[in-house]
Amino acid sequence: MTVIKTLGKLNPRHAREIRGSRLSVGFESLDRKMFDPDPCYARVGELGVKYARCQTGWNRCETQKGVYDFSWLDEVVDKLLEQGVQPWFNVGFGNKLYMPSVKHESAVGHVPLYYGEEAVEAWKDYVTALARHFKGRIRHFEIWNEPNLNGFWAPMPDDRTDDPAGYTELVTISEECIRPAISDAVIIACTSFVPLRFIRDMLEAGMGQHIDVLALHPYGAEGGGPLVKATRQLLNRHAPNVRLWQGERGLASSAGGHEDPNQRNTGASETGQAKGLLRRIVGDLTTEFELTSYFHIADFMENPYRQSSGEVIHQPLFGLLNGLSYTPKPTYFAHQNLCAFFDEDTVHEELPLSVVYTEDEKDHPLVNSLMRTATFRRRGYPVFVYYLALLPDDNTALPGTVRVVTLSDPTQSLEEPVLVDLLTGEVSE
């Protein structure tokens, strides 16, 4: 039996040490105080991401008509910037001052377009004030959250399941408030999952004229794959200059409730959560996504979680940090390993690679059908990634051997290759 010698571990890198990368983390829902940000700032810096998605929360910024208090959001933005992490804004949700009939004070998901002229004008004033206040600190503005879901787009007319034209209108009036204040603003639209019909309809309604980026929230998918390509084809037809982001996607560390639909009833665990994060982010890095964001920095355990219905929904335990102790889960360290290695110096490149599982010198076709690979280049040297696509919580130990075959570049051959376990950071011969 061959014994593989352990050489050491990947060294974590603070965000301030990394010039650039495509990696982001969720810092959302502080408009509803769903987690305590104070224990999280240093953890975000130590994680090594370069971006953090923050929700601005109209309801928390304007508690008296026409009076804006951005002090809580200032603290979030400035403390993230101190860590070397650039915040980007998700601008959204309603305000009970202009929507007295909503079922919860946060007015989550309630759209000003459906509440009359005063609500629309108040929304415009809020977005204008937000842009002016954060000029010089924030450039990226994602308008609304997951407008193709009734939980975040309400009250939906009875005869419709979504309103792509309405969403286009909201983005349009918001863009008209932001760009005069911030000339180099990046305007972002988003969708939950990858709803191709909804994307087509909003592009046909003129969305492409008003946005720079489309951010997909592809829960349930590993990597980008065919849906990202299909989205690109739609954009090429209607708005070829619009870029793609992966703006939100997380995995739960517990089973049941508000979680990834592909993960439900599989006995989710903290280790499975970490494996799933690695697979999905590595997959994202092989696509044209300019940014990939993991949801979320911490579990939501400070307040009950609600969407537009106002009803309490089982709290999603998507966090990299435990929501009670704010201590890291295995997922945090896995993400930290990705951040240390997949910075701007590591780029996707198609390279020759064959990875085959054998036992007693025999190939196993069924097992090998589950083998997944990705290839990159870092500072001139090839990087090969592989994993077996069993369910993330399946810890079956296979007794055989994995044979990795590459065609080396004679000018940059790997004379002393190493094996890196991204789950633990362990580096071996």
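Predicted model: local features only at pLDDT ≥ 70, side-chain atom pairs only at ≥ 80, totals over all residues.
Me: How many bridges join E13 to E17?

Reply: Six bridges connect strand E13 (residues 353-359) with E17. To find one of them, go to Tyr357, whose bridge partner in E17 is Val402.

Me: Now the inside. Which residues touch the most other members of the largest nonpolar core?

Reply: That core has 116 residues, and the ones touching the most other members are Phe27, Phe89, Phe141, Tyr167 and Ile297. Helix H4 (residues 117-134) supplies the largest share of this core, with 10 residues. Apart from it there's another core, of five residues, including Tyr357 and Val355.

Me: What does Tyr167 contact, beyond its neighbours within four places in sequence?

Reply: Its contacts include Ile143, Trp144, Pro147, Trp153, Phe198 and Met207. Tyr167 also belongs to a cluster linked by ring pairs, along with Trp144, Trp153 and Phe198, among others.

Me: Is Phe35 buried or exposed?

Reply: A residue counts as buried under 20% relative accessible area. Phe35 has 3% relative accessibility, so Phe35 is buried, even though Phe35 lies in a loop, between strand E2 (23-26) and helix H1 (41-47). Phe35 and Met301 are 266 residues apart in sequence, yet their C-alpha atoms are 6.4 Å apart in space. Among the residues Phe35 touches are Phe27, Ile297, Phe300 and Tyr326.

Me: And where is Asn337?

Reply: Look in helix H9 (residues 330-341). Asn337 is buried too, with a relative accessible area of 8%, and Asn337 touches Leu10 as well as residues including Asp421 and Gly425.

Me: Last one: how many aromatic pairs does the structure hold?

Reply: There are 25. For each pair, check the distance between ring centres and the angle between planes. Phe300 and Tyr305 have centres 6.1 Å apart and planes at 25°, so that pair is stacked. Phe342 and Phe376 have centres 5.0 Å apart and planes at 75°, so theirs is edge-to-face. Phe342 sits in the loop between H9 and strand E12 (346-348), and Phe376 in strand E15 (residues 371-378), so this pair ties together parts that are 34 residues apart in sequence. Both Phe342 and Phe376 are buried.

Me: What lies over the face of Phe341?

Reply: That's Arg378, at 5.1 Å from the ring centre.

Conventions
Residues numbered from 1 in each chain as written. Heavy atoms only, no water. Pairing = 2+ DSSP bridges. Helix = DSSP H or I, 4+ residues; strand = E, 2+ residues; numbered from the N terminus. Core = buried A, V, L, I, M, F, W, Y, C linked by side-chain atoms within 4.5 Å. Buried < 20%, exposed > 50% of the residue type's maximum accessible area, 1.4 Å probe, protein only. Contact = heavy atoms within 4.5 Å. Phe/Tyr/Trp six-rings, centres within 6.5 Å; stacked < 30°, edge-to-face > 60°. Lys NZ or Arg CZ within 6 Å of the ring centre and 35° of its normal.
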